[in-house]
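Please go through these notes with the structure open beside you. They start with strand pairing and then turn to a pocket.

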Amino acid sequence: MTGNRRRLGAWLLAGVVLAVVLTLYDADRTGVSDPKAAPSATPTGAAPATPVPATGGTPSPSATASPPPSPGAGGPSPAPSATACTSPGACGYPDANSTGPRIGLERHDTGNLSVKKDGTVIKGWDIRGSLDIYADDVTVVDSKITSTNWWGINLRPGFSGLKVLHTTITAVPGQGPDNGGVNYAVSNMGGSSIEVGWCDISVFGNALSMGQGDLHDNYVHDLVAFRNQGGEWQHTDAVISGGGNKGRLTVRHNTLLNATPVDKGATAAVGLFADTGVVSSVIVEDNWLAGGAYALYGGGPGATGIRVTGNVFSTQYHPASGAYGPVTAWNPGGSGNVWKDNRMSDGRPVEPAP
């Protein structure tokens with residue numbers, strides 16, 4: 001009898017051991033015991049990759065930049081995009097905190113001042129007026145200009161080497177000479193490149209106007225609509241180039257906003273137009289673009305050497321970045337033209353319409 005009880009106990013013990021072994025084996029096989037094998041709490045699928053067409057008229061539903069459905073809305077949970085952006089400053093683009101003067105300013109009521117001495121440096125000035133540059137290698141740095149003239153700073157033909165850095169350039173709406181409006185924050189009428197960097201620019205209808213230059217790290221915003229002397233709404237552009245340029249225009253790492261309504265003259269955040277000649281040799285790289293009829297006008301049929309890469313087309317004013325789309329007048333067959341890695345602010349790629 002005692003022997004039977006011993007044999008029964010041994011069989012029971014063996015059964016328990018076998019059950020434990022089978023449980024551990026199954027857990028290891030299914031990944032329950034391995035945190036790395038468990039499903040991630042964050043979706044890993046790719047964000048929707050619907051190109052946004054640039055077509056005339058009101059944007060179609062396929063052209064809007066609506067966010068993907070939220071979890072539980074009847075579809076699969078969207079994957080967060082590593083390239084999604086919520087605002088310029090939050091995503092590393094210039095804003096009011098990273099532009100303008102870095103030092104205290106001294107007020108100067110200059111009126112419309114003509115600068116005629118080569119190498120002049122204007123630093124730490126709070127200017128009530130404008131600067132008309134008739135000299136080479138002039139630098140305006142860590143200053144502020146409040147203009148009621150056609151421009152804030154204008155480089156005259158035949159002169160070169162202008163630099164405008166860490167400066168706020170604005171105007172007084174309703175007090176400018178163009179029927180109360182003001183046209184150009186910085187205008188390059190000279191024959192060579194100029195540099196405009198880390199500037200806070202507002203109000204002027206065509207803020208940065210030039211065929212050649214190095215425009216970088218600027219914050220252009222709050223352009224003000226006005227009817228010009230011809231009685232028409234002045235076209236507004238954060239950056240505008242009329243073509244026919246001999247040198248290169250580089251527009252890199254700027255925040256370029258044009259919130260003006262289309263029916264009051266809005267044209268573009270970056271407008272490359274063949275008004276005075278063929279548009280060529282332009283780089284538009286790593287900018288935050290928003291607003292206008294289209295956020296970008298690409299130069300038209302004859303444009304060559306236009307590189308548009310790594311830009312964010314923001315939906316902050318319009319679902320399609322511009323009122324009618326992100327881009328128009330792009331010449332895909334132009335020699336040296338490159339369109340690459342441009343996206344909406346929600347991460348979706350942007351491609352020009354055929």
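1. Strand 6 (residues 151-155) and strand 9 run parallel, joined by four bridges. Strands here are DSSP runs of E, at least two residues long, numbered from the N terminus. Two strands pair if DSSP finds at least two bridges between them. N154 has S187 in strand 9 as its bridge partner.

2. This is a predicted model: local features need pLDDT of at least 70, side-chain atom pairs count only at pLDDT 80 or more, and totals for chains, interfaces and linings use all residues. Residues are numbered from 1 along each chain as its sequence is written, and side-chain values use heavy atoms, without hydrogens and water.

3. Strand 9 also pairs with strand 12, in the parallel sense, over two bridges. There, S187 stands opposite S209.

4. Now the largest pocket. A pocket is an open set of points on a 1 Å grid over the protein atoms alone, where a 1.4 Å probe fits, with protein on both sides within 12 Å along at least five of seven lines; lining residues have an atom within 4 Å of a point. Of its 20 lining residues, N188, M210, G211, G242 and T276 are the closest to the centre.

5. Which strand gives the largest share of this lining? Strand 9 does, with three residues. Strand 9 (184-188), strand 12 (206-209) and strand 15 (236-241) each supply at least two.
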